[in-house]
Each structure stands twice: as structure tokens, then as C-alpha cells.
Amino acid sequence: MARSAVFAALAVVLMAVASEASYLTGTKFPFENCVQNTQFSPYYATLVSYSENAVKQTSQICLQLHVAPTCTIGRRDGKPTRCCNTAINKLKLFPAFDCRGSIASATIANKTVTSIYWEEHEGFDIVKVTPLMEWLSSPAAVDNQVICLNLRNPCWTMAMLSFDKEVLEYALYDKKVDNYECCPVGLMDVTYEPFKGTLTSGPSGSVQIEPAMSGSPKPSPVPKPSPSPSPVPKPSPSPSPSPAPKPSPSPNKKGKSPKPAPSPKVKKSPKPSRG
């Protein structure tokens, strides 16, 4: 009985370790023993725009970084972790196979970053954009910042790039200290149509997000609310009937109407003569 209890407890521990590695989707991304659980970090990202150019076969993914209002301090090796108050130094994504070279560059704070690296972990590819510490050195600097990824062939759309065709997995890393890194993971829904979302206020307010490019369908605009119905117009009064036109008189020299012809005079019978 005691032995079964020990095995049960061990199974719970193993499940906890496995969930730490892949608790969002069941994959092992990012394939490292870093602090992934978002409960122990305030950082997360949202997709704010996506545009495509089907003619050039390029696209742009823009994500905005956020800082949650609360964060639970985790523990590692019996000590509290630093993940609630750290920086972000690199962005990692879980790409599909055969996509190496598909991220041409990244843009942050109107600066172009070309230091993009592809790695292999357990037979899978990982792509990372680093270093980013210059712009993401603290929670205050991170909040509302925008990072745009510029895609090209061979995986020039978001759906082509993502390992999972429904969600794109990401991780936000700091720098390794005390032999570990903070790397909160997250998901962004894969979109198949260009769109432009709404940026929240913050230091990224000056970041210009490109609109949907030509050569691909644009999303339908949000319909405006119908205006209040106009009042029913009053019926126009019936027009007075026009008088019947008088017959035009026959023209004469002076333009006057001709006088009627005189009635013929009746001749009187002659009086009888006297004899």
C-alpha cells in the first residue's frame, strides 16, 4: 500500500515536469529547461496586424508585447525566480520544417534587426530573433512595444511558417543567469487573411504598422451602425388642376373675333290692291 502511494506521488511529479515542457499545446517547444509557465512571468504577446503581398510573396507579422498587472513569484532549486522582474532579450518561434531563411528581418522601435538564427532541437527547427535587450530592458520598456517580422520564401505566409497551422507558438527569453532563463511561452492564432488590429497606448505609439499590401484580399471593414431612420416625408399636396385651355380664335386683320353674320331680312307680303 505504501509502495503504491510512492509510485502515485512519483507519477504526479513526472506529469508536472512534462506539463512544464509542453503544457499549452503538447509539443516540447522551446525544447529547453527554462521557466516557461506564464504564471511566473508577466510577459505575453498578441497579434496586432498581418499583411501579405501575393505578387512578391512576402508578408509581415506584427505582435505587441504586454505586461500583466500581476505575477506570481516562482521557485527554482528552492529559491525564488527573477522572472517577474526581468528583461526580454530574444523572441523564439516554432516554425514548420523546411522554412529556414524565411524571416528576412525584424523591426522594433523603428529599427531593423537582422540577427536571426535557426537552430535544431530534438529534430525540430527553432528560430530566434536576438538581441533585443536594447529596447526591452525592463517591464516598463517592454509594455506595449511592437515587434514586426518580415517574411519571404520559402515560407512567406504566417500559415506556411507556423509548425501548427492553427496556432503559432512563441517564447520570450531573458538572459541566462544562475544557469537558467525565463522563457514564458504563448500562442497566437494563425490568420489566413490580412488584418490590422488596434494598438494599445504606450511607448510603441510611434511604431508604424504597414497596412495590408496590394495583391491580396483585404478584410471587410467593420460595418458602421445604421443611422437613425429619417422622418417619413409628408405627402406633397395634390396640384390644382390646370384650367382647360380656351379655343384659339381664328385670326383676322385686327386680331378681334369675327362678328356673327346678320340674320337675313324677311320680305313682307305685298298688300292686296283694291279693286
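**Sheets and disulfides of the predicted model**

Strand E10, residues 146-151, is largely enclosed by the rest of the structure, because six of its six residues are buried. The model described here is a predicted one. Val146, Cys148 and Asn150 point one way from the strand. Ile147, Leu149 and Leu151 point the other way. Residues of both sets are buried.

E10 has partner strands in E2 and E6. Strand E2 (residues 58-67) pairs with E10 in the antiparallel sense, over six bridges. Within this pairing, Cys62 has Cys148 of E10 as its bridge partner. Strand E6 (residues 103-108) also runs antiparallel to E10, and five bridges join the two. Here Ala106 has Leu149 of E10 as its bridge partner. Cys148 and Leu149 point to opposite sides of E10, and both are buried.

These strands belong to an open sheet of six strands with antiparallel pairing. The order is E7-E6-E10-E2-E1-E13. Strands E7 (111-113) and E13 (195-196) stand at the edges; each has a single partner strand, so one side of each is left without a neighbour in the sheet.

Ser49 stands opposite Lys196 of E13. Pro194 lies in the loop between strand E12 (185-189) and E13. Its relative accessibility is 1%, so Pro194 counts as buried, the cut-off being under 20%. Pro194 and Tyr50 are 144 residues apart in sequence, yet their C-alpha atoms are 5.0 Å apart in space.

A second open sheet is formed by five strands, in the order E8-E9-E5-E11-E12. Its pairing is antiparallel. The edge strands are E8 (116-121) and E12, each of which pairs on one side only. Neighbouring strands of this sheet are turned by 30° against each other on average, direction ignored. Leu168 stands opposite Met188 of E12.

The structure also holds five disulfides. With bonded cysteines counted along the chain, they follow the pattern 1-10, 2-7, 3-5, 4-9, 6-8. Three of these links are described in turn below.

Cys34 is joined to Cys183, with an S to S distance of 1.9 Å. The torsion about this S-S bond is about 85°, so the disulfide of Cys34 and Cys183 is right-handed. Cys34 lies in the loop between helix H1 (2-22) and E1, and Cys183 lies in the loop between strand E11 (167-173) and E12; the pair therefore ties together parts that are 149 residues apart in sequence. Both Cys34 and Cys183 are buried.

A disulfide also forms between Cys71 and Cys84, whose sulfur atoms are 2.0 Å apart. The torsion about the S-S bond of Cys71 and Cys84 is about -80°, so this disulfide is left-handed. The pair links distant parts of the chain, 13 residues apart. Cys71 sits in the loop between E2 and strand E3 (75-76). Cys84 sits in the loop between strand E4 (79-80) and strand E5 (90-93). With a relative accessible area of 26%, Cys71 is partly exposed.

Cys83 and Cys182 are likewise joined by a disulfide, at an S to S distance of 2.0 Å. This link is left-handed, with -85° about the S-S bond. The connected parts of the chain are distant, 99 residues apart: Cys83 is in the loop between E4 and E5, and Cys182 is in the loop between E11 and E12. Cys83 and Cys182 are both buried.

E5 belongs to the five-stranded sheet, as do E11 and E12.

Definitions and conventions. Residues are numbered from 1 along each chain as its sequence is written. This is a predicted model: local features need pLDDT of at least 70, side-chain atom pairs count only at pLDDT 80 or more; totals for chains, interfaces and linings use all residues. Side-chain values use heavy atoms; hydrogens and water are left out. Buried means under 20% relative accessible area, exposed over 50%, partly exposed in between (1.4 Å probe, protein chains only). Helices (H or I, at least four residues) and strands (E, at least two) are DSSP runs, numbered from the N terminus. Two strands pair if DSSP finds at least two bridges between them. A disulfide is a pair of cysteine sulfur atoms within 2.5 Å. Axes are lines fitted to C-alpha atoms, for helices over the stretch in contact, and angles run from 0 to 180 degrees between N-to-C directions.
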